Amino acid sequence: MCAKKVVKKTNRPKRPHKIKLRGFNNLTKTLSFNIYDVCYARAPQARKEYLEYIDEEYNSERLVKILTEVADIIGANILNVSSQDYDPMGASVTILIAEEPVDPKPDQVLAHLDKSHLCIHTYPETDSRTGVSTFRVDVDVSTCGKISPLKALNHLINSFESDIVLMDYKVRGFTRDVKGTKHYIDHKILSIQQFIKKSTLDLYQCVDINIHQENLFHTKMLLRDFNLDNYLFASAAKDFSPEEKARVKESLQKEMTEIFYSKNIY
């Protein structure tokens, strides 16, 4: 009598079904961020120094480093880098990328089927009435082919002091399988939140607005709690009276709430 073969079950996740394509994957996947960092500066000189600090901390050289790391995370090849610092403040970086290596790299690349881009812009500003300063970072990660910008989500959130994060993800175009059937998306997604670490999500109040039939996904996040000392520039909470601490904290919370809802509430 033959011994019965025992097959052990494993909890190994099933591999997602891959669509066999006729040719190149023509889908364009774009992830857009608005990341806000809010701060309070007590005096006019402190507000001026805060803007100078932010402008230097997130200059074009630092932004190039962040986007270069993004390209590495999503598995893209860098073709061209363009960067600029502005007077009086702000910086921009644009990086042209490709899914496949291109060698030799041309001196100037304008467009090609499998090329896309990473770009980032900074917008520091301050309110002389309330003393609240708000630093906005605008980021776009746009890819063609198989590589996904969603892989860069956590890195970008962690690269900045992210008090409020507004994110949009859109899949555009279509690609064909070997039978000629059009596919308007090549991966499963219900929400951008699926791709954010739980430890990060736990820190934020999150809201989704998703239009699944249009392959359009929106998530916004607002920091749940904050320590006032971490939001004061050139001063400390111990130097403030209880009344002033309450007023400053209220001003910061109002600023973050209005940005989160994209509406003047107060």
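Student: By class, how many nonpolar, polar and charged residues does the lining of the second largest pocket have?

Tutor: This is a predicted model, and in it the second largest pocket has a volume of about 330 Å³. Its lining is made up of 17 residues, and β1, α1 and β11 each supply at least two residues of that lining. Sorted by class, the lining of the second largest pocket has 12 nonpolar, two polar and three charged residues.

Student: Which residues lie nearest the centre of the second largest pocket?

Tutor: The elements β1, α1 and β11 each give at least two residues to the lining of this pocket, which is formed by 17 residues. Among those lining residues, the ones that lie nearest the centre are Asp 37, Val 38, Glu 161, Asp 163 and Asn 230.

Student: How many residues apart in sequence are the parts that the pair of Tyr 40 and Phe 240 ties together?

Tutor: The structure holds nine aromatic pairs, and one of them joins Tyr 40 and Phe 240 edge-to-face, with 6.3 Å centre to centre and 75 degrees between the planes. Tyr 40 belongs to strand β1 (residues 28–41), whereas Phe 240 belongs to the loop between β11 (232–233) and α5 (242–261), so the pair ties together parts whose separation in sequence is 200 residues.

Student: Does Tyr 40 count as buried or exposed?

Tutor: Buried means a relative accessible area under 20%, and Tyr 40 has a relative accessibility of 4%. Because its 4% lies under the cut-off, Tyr 40 counts as buried.

Student: What kind of aromatic pair do the rings of Tyr 50 and Phe 233 form?

Tutor: Both Tyr 50 and Phe 233 are buried. Planes over 60 degrees apart count as edge-to-face, and the rings of Tyr 50 and Phe 233 have their centres 5.4 Å apart with their planes at 75 degrees, so the pair is edge-to-face.

Student: Which residues do ring pairs link into a cluster with Tyr 50?

Tutor: Tyr 50 lies in helix α1 (residues 44–57) and Phe 233 in strand β11, so their pair ties together parts that are 183 residues apart in sequence. Ring pairs link Tyr 50 into a cluster with Tyr 53 and Phe 233.

Student: How far apart in space are Asn 227 and Lys 249, C-alpha to C-alpha?

Tutor: Asn 227 is placed in the loop between β10 (216–223) and β11, and at 46% relative accessibility it counts as partly exposed. Along the sequence Asn 227 and Lys 249 are 22 residues apart. In space, C-alpha to C-alpha, their separation is 9.3 Å.

Student: What separates the C-alpha atoms of Thr 94 and His 117?

Tutor: Thr 94 has its place in strand β3 (residues 91–98) and is partly exposed, with a relative accessible area of 34%. His 117 and Thr 94 are 23 residues apart along the chain, and their C-alpha atoms are separated by 6.9 Å.

Student: To what count of disulfides does the rule lead?

Tutor: A disulfide is a covalent bond between the sulfur atoms of two cysteines. Cys 119 is buried, with a relative accessible area of 9%, whereas Cys 206 is partly exposed at 25%. With a disulfide taken as a pair of cysteine sulfur atoms within 2.5 Å, the count of disulfides comes to zero.

Methods. Residues numbered from 1 in each chain as written. Predicted model: local features only at pLDDT ≥ 70, side-chain atom pairs only at ≥ 80, totals over all residues. Heavy atoms only, no water. Phe/Tyr/Trp six-rings, centres within 6.5 Å; stacked < 30°, edge-to-face > 60°. Helix = DSSP H or I, 4+ residues; strand = E, 2+ residues; numbered from the N terminus. Buried < 20%, exposed > 50% of the residue type's maximum accessible area, 1.4 Å probe, protein only. 1 Å grid on protein atoms, 1.4 Å probe; cavity = no way out; pocket = protein on both sides within 12 Å on 5 of 7 lines; lining within 4 Å. Points joined across faces, edges and corners; volume = space filled by probe spheres on them. Nonpolar A, V, L, I, M, F, W, Y, C, P; charged D, E, K, R; others polar.
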